[in-house]
Structures are given as C-alpha cells and as structure tokens.
Amino acid sequence: MSSNTITVTLSQLAKMIDHSLLHPTMTDADITDGLRIARTNNVATACVKPYLIPLAKKELTGSDVLVCPVIGFPHGNSTTEIKVMEATAAAKQGGKEIDMVVNVGKVLGGDWDYVTEEIRQINEAVTDHGAILKVIFENDYLQEEHIVRLCEICTQLGVAFVKTSTGYGFVKQNDGSYNYRGATVKHLKLMRENSGPNVQIKAAGGVRTLDDLLHVMKLGVTRIGATATVAILEEARKRGIGNEPTKVSFKPMSEEGLGGY
C-alpha cells in the first residue's frame with residue numbers, strides 16, 4: 001500500500017537521529033565510544049548529560065554533528081531558576097540543541113501559567129545564546145488533553161521542537177513492574193495535529209528499528225532519539241538505501257506503540 005512507503009536517502013535518515021547517550025551508568029569511556037558512533041554515522045546530534053558537553057565537543061570537532069544536552073533530566077522537577085541557569089550554561093558551553101523536561105506535576109495539576117512561563121524563560125535563554133529548544137512532555141504520564149495544551153503552548157512560544165519522552169518515564173503497571181511506551185503512533189499524530197507548522201516533532205523512546213523510523217517520518221516526525229542508531233542504519237543499507245532517493249516500504253505499527261513493551 002502506498003501509505004506504507006516513503007522515499008528517503010541514507011544521509012536523510014542519519015540526520016533524523018539524535019544519538020542518545022543518557023543512561024545514568026554510562027562511563028566516560030562509554031560516552032566516548034557513543035560519540036564516535038555519532039560522528040561515524042553523521043547523525044544530527046549526540047544527546048548527552050550536561051557535564052559531558054566538553055567531552056562531546058572535543059570528540060565531535062570537525063564534524064557537523066551537534067551537541068544536544070538535556071536539562072532538568074529526566075524528571076523536570078528543578079525550579080525554573082535552576083533550569084534556566086542549566087540551559088544557559090549548556091548553550092554557552094556549546095550545546096546547540098537543548099532538550100528540557102517540563103514540570104510534569106504542574107502539567108497534571110493544570111497550572112498552565114507556571115508551565116508556560118517556565119518554557120518561555122528557558123526558550124528565551126536558549127535562543128539568546130544561539131541554540132534551539134526541544135520541550136519533552138513525558139507522554140506516558142499525561143492524558144491527551146495535557147499533550148494538546150502543551151503543543152498549543154509551545155506553538156504560541158515559538159519553540160523549535162516538541163518531544164514525546166525522556167526514555168525514562170517509567171509508570172507502575174498493574175503487575176507492580178515499571179515500564180513505559182515512549183513514542184506512540186497515536187500520540188505522534190496528536191502532537192503533529194496540534195502543533196503549528198513551524199514546530200517540529202521529536203519521537204523518543206520505542207523507536208528501535210528502521211520500520212519504526214520510517215513510520216514516524218511518514219507521520220511528520222523530523223527527529224528521533226535513539227540508542228539503536230547503528231542497527232537502524234545498517235538495516236537501511238541492507239534494504240538498498242543509499243545516497244540517491246530510494247522508495248522503501250515499511251511495516252506499520254499499531255496506534256498504541258512503536259517498539260512498544
């Protein structure tokens with residue numbers, strides 16, 4: 001079916017990816033290895049914790065892979081003042097794209113003035129220093145009405161990206177375990193429909209395969225957060241995707257998930 005095909009190039013796919021290096025147990029050696037993967041594959045950015053900005057800049061020197069630090073990560077519970085300071089410092093150090101987590105409790109409580117003012121201040125701090133902001137919603141914690149309102153706020157404020165998840169938004173399940181869906185088809189459609197044309201969508205958490213990536217591209221997503229960068233791009237090469245635009249088909253995922261759980 002034509003709805004399950006898309007025309008892409010390998011470099012286009014690579015520049016869809018923020019290579020995620022955010023797990024709390026990663027050592028500097030692990031990070032260095034990850035940065036080499038980001039550089040070798042010429043992805044969009046390497047997504048790192050703030051203390052790693054100097055190392056990331058060093059390893060990515062001479063490439064056009066940008067440094068993408070995270071702010072208030074992963075739970076978004078720092079004060080607005082601290083988040084602004086952290087974002088400002090990250091941009092001054094060389095972070096070109098800043099991924100910031102909203103205050104989830106304030107979102108759930110409907111304190112939209114607080115939420116709006118926090119995003120506004122951080123967006124201004126980031127853009128004043130030559131970077132752009134991605135606002136992480138953590139959709140697993142939210143209802144559809146919260147996601148819609150956040151999209152409206154970010155559109156109003158001129159934020160560059162809205163983002164589904166941190167990848168660490170674990171929710172307690174009925175069996176007592178903790179897990180998360182991350183980016184779902186249903187939520188990505190909702191975010192695209194309720195964000196202005198100048199606001200891009202980043203899918204994170206659950207985008208683990210080439211099929212997942214191609215599907216979210218078809219939905220209007222322009223960036224993903226991924227740890228499976230190498231596997232995704234190797235699969236693309238196996239399917240004949242190279243420098244020339246290539247039409248490929250993909251296996252569509254359900255509304256409730258991509259990689260899912």
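**Conventions**

This is a predicted model, in which local features need pLDDT of at least 70 and side-chain atom pairs count only at pLDDT 80 or more, while totals for chains, interfaces and linings use all residues. Residues are numbered from 1 along each chain as its sequence is written, and side-chain values use heavy atoms, with hydrogens and water left out. Helices (H or I, at least four residues) and strands (E, at least two) are DSSP runs, numbered from the N terminus.

**Stop 1: helices α7 and α8**

Select residues 144-157, helix α7, together with residues 185-194, helix α8. The two helices pack at an angle of about 35°, and their axes lie 9 Å apart. Here axes are lines fitted to C-alpha atoms, for helices over the stretch in contact, and angles run from 0 to 180 degrees between N-to-C directions.

Now display the side chains at the contact (heavy atoms within 4.5 Å). Glu144, Ile147, Val148, Cys151, Glu152 and Thr155 are the α7 residues, and they meet Lys186, His187, Leu190, Met191 and Asn194 of α8. By class, five residues of this contact are nonpolar, three polar and three charged. In that scheme Ala, Val, Leu, Ile, Met, Phe, Trp, Tyr, Cys and Pro are nonpolar, Asp, Glu, Lys and Arg are charged, and the others, Gly among them, are polar.

Stay on α8 and select Val185, His187, Leu188, Leu190 and Met191, which are its buried residues. Buried means under 20% relative accessible area, exposed over 50%, and partly exposed in between (1.4 Å probe, protein chains only). The elements that cover these residues include α7, β7, β10 (200-204) and α9.

**Stop 2**

Asn139 is located in the loop between β6 and α7. Is this residue buried or exposed? Asn139 is buried, at a relative accessible area of 1%. Apart from neighbours within four places in sequence, Asn139 contacts Ile147, Thr164, His187 and Met191.

**Stop 3: helix α9**

Proceed to residues 210-218, helix α9, where Asp211 is found. Eight of the nine residues of α9 are buried, so the helix is largely enclosed by the rest of the structure. Its buried residues pack against β1 (5-8), α1 (10-14), α8, β11 (223-226), α10 (229-238) and β12 (246-249).

Asp211 itself is buried, with a relative accessible area of 16%. Not counting residues up to four places away in sequence, Asp211 touches Arg239, Ser249, Phe250 and Lys251. Just after α9, select Gly220, which takes a positive phi of about 100°.

**Stop 4: aromatic rings**

How many aromatic pairs does a search of the whole structure find? The search finds two. Rings of Phe, Tyr and Trp (its six-membered ring) pair if their centres lie within 6.5 Å; planes under 30 degrees apart count as stacked, over 60 as edge-to-face and the rest as tilted.

Select Phe73 and Tyr168: their ring centres are 5.9 Å apart and their planes stand at 80°, so this pair is edge-to-face. Phe73 belongs to the loop between β4 (66-71) and α4 (80-93), and Tyr168 to the loop between β7 (161-163) and β8 (171-172), so the pair links distant parts of the chain, 95 residues apart. Next, select Phe170 and Tyr180, an edge-to-face pair with 5.2 Å from centre to centre and 90° between the planes. Phe170 is partly exposed, at 35% relative accessible area, whereas Tyr180 is buried, at 11%.

**Stop 5: lysines over rings**

A charge sits over a ring if NZ of Lys or CZ of Arg is within 6 Å of the ring centre and within 35 degrees of the ring normal. Lys106 lies over the face of Tyr114, 4.7 Å from the ring centre. The charged end of Lys134 is placed over the ring of Phe161, 5.5 Å from its centre.

**Stop 6**

Asn103 lies in the loop between β5 (97-101) and α5 (104-108) and is buried, with a relative accessible area of 12%. Beyond its neighbours within four places in sequence, Asn103 is in contact with Gly76, Asn77, Lys83, Tyr114 and Glu118.

Finish at Ile132, in strand β6 (residues 132-136). Ile132 counts as partly exposed, at 30% relative accessibility. To end, draw a distance from the C-alpha atom of Ile132 to that of Asn174: the two are separated by 39 Å and are 42 residues apart along the chain.
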